[in-house]
Amino acid sequence: MTPDGIEEFEAIRPRLFAIAYRMLGRVSDAEDVVQDTFLRFQRALRQGTEIDSAPAFLSAIVTRLSINELQSARARREVYVGEWLPEPLFTDEQALRDDPAAHAEEADSLSLAFLVLLEQLTPVERAVFLLHDVFGYGYDEVARTVGKSEDNCRQLATRARRHIEAEKPRFEASRRERDRLAERFFAAVGDGNVDELVEMLADDVILYGDSGGMRPSWPRPIVGRDRVSRLMGGMGALLTRHDLRLERHEVNGQPGATLLDREGRIVNVFALDIVDSVIQTIRSVLNPDKLRHLGPLADVEGMLRAIREERRSHS
């Protein structure tokens, strides 16, 4: 092992980020936890702590810190305004080359739908389930990490697995078909083609919006093909009038897009769940605090003022 532990840490850093992000659903918090893990690892090395396996040691630290952070974050989420969604990640090939830490080792467990489902587990249940079922750690390692017996961890994993399996999202099996439908969908949104949107949406499609309370917001889910198609179709005129554009991305392993202003700054991010060749769920993240890690942000408040002024001038 190197004296400063940098080599050992860098070798497993993407795995540490993957654990922390799935635990917390926030990029900034996950990065902070990973950095704190590294500092604690270096401190242990300086103090002469005997470390048999750097990966096991680091994974245990990042998991414990994530549990602590998650327990404090739950109080904040109880007063969160509107729908809560995880912070999105771009997982296109170029994004992965630019940021290896964002690499999805297990794509399905990275989807926004799956991360939302994990929110229903307790912090320790989530840790046990992720470590064992997603990342393949043995129950002996998991038990040492969370401070429970192996039997207790098996029980926690079984309970979590039962809940996850009952509600686990399904996705379009063919990536090619999935991406083709997403291309059609976002083109129809840009054109304001409501009729074509109707053809691509499930009868019971749901649209979730996370704005953190800022306007424009959808404080409650919008349900049903007619309502969702009208809302998304109405964006077409807005895009044209205010020189906005949709740029396709893979978001958390699923098809998505980013809405950009004329300077290429981010307005919001969309992610789609496609099941049986129709769009089942649309998730929109508008809260700027959840988008800063993706690039420069648009002045949404300024855009809204311009829209209001335009409407007043035509009234």
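## Packing of α1 against α6

The crossing of α1 and α6 is right-handed; a crossing counts as right-handed if the near helix is turned clockwise from the far one by less than a right angle, and as left-handed if anticlockwise. The model is predicted, so local features need pLDDT of at least 70 and side-chain atom pairs count only at pLDDT 80 or more, while totals for chains, interfaces and linings use all residues. Residues are numbered from 1 along each chain as its sequence is written, and side-chain values use heavy atoms, with hydrogens and water left out.

Helix α1 covers residues 6-24 and helix α6 residues 123-134; their axes lie 10 Å apart at an angle of about 140°. The two helices are therefore oblique to each other. Angles under 35 degrees count as roughly parallel, over 145 as roughly antiparallel, 65 to 115 as roughly perpendicular, and the rest as oblique. Axes are lines fitted to C-alpha atoms, for helices over the stretch in contact, with angles running from 0 to 180 degrees between N-to-C directions. Helices (H or I, at least four residues) and strands (E, at least two) are DSSP runs numbered from the N terminus.

From α1, Ile19, Arg22, Met23 and Leu24 make the contact (heavy atoms within 4.5 Å) with Pro123, Arg126, Ala127, Leu130, Leu131 and Val134 of α6. Eight of these residues are nonpolar, none is polar and two are charged. Here Ala, Val, Leu, Ile, Met, Phe, Trp, Tyr, Cys and Pro count as nonpolar, Asp, Glu, Lys and Arg as charged, and the others, Gly among them, as polar.

Helix α7 (residues 139-146) crosses α6 at roughly 150°, and the axes come within 10 Å. Helices α6 and α7 are therefore roughly antiparallel to each other, and their crossing is right-handed. Val124, Ala127, Val128, Leu131 and His132 of α6 meet Tyr139, Val142, Thr145 and Val146 of α7. This contact has seven nonpolar, two polar and no charged residues.

With helix α8 (residues 150-167), the axis of α6 crosses at roughly 90° and comes within 9 Å, which makes α6 roughly perpendicular to α8. On the α6 side, Val124, Glu125, Val128, Phe129, His132 and Asp133 take part, meeting Cys153, Leu156, Ala157, Arg159, Ala160, Arg161 and Ile164 of α8. The residues of the contact of α6 with α8 comprise eight nonpolar, one polar and four charged.

Leu70 belongs to helix α3 (residues 54-78). Leu70 is buried, at a relative accessible area of 0%; buried means under 20%, exposed over 50%, and partly exposed in between, with a 1.4 Å probe and protein chains only. The C-alpha atoms of Leu70 and Arg126 are 10 Å apart, although 56 residues separate them along the chain.

## Positive phi in two loops

Most residues other than glycine have a negative phi. Asp243, which is not a glycine, has a positive phi of about 55°. Asp243 occupies the loop between α12 (235-241) and β3 (245-251) and is partly exposed, with a relative accessible area of 44%.

Ser277 likewise has a positive phi, near 65°. The loop holding Ser277 runs between β5 (266-275) and β6 (278-285), and Ser277 is partly exposed at a relative accessible area of 47%.

## Confidence

The protein chain has a mean pLDDT (the predictor's confidence in each residue, from 0 to 100) of 88, with 90% of its residues at 70 or more. Over residues 100-105 the pLDDT is below 50, and this stretch has 17 contacts in the model beyond near neighbours in sequence. Where pLDDT is low, the predicted coordinates should not be read in detail.
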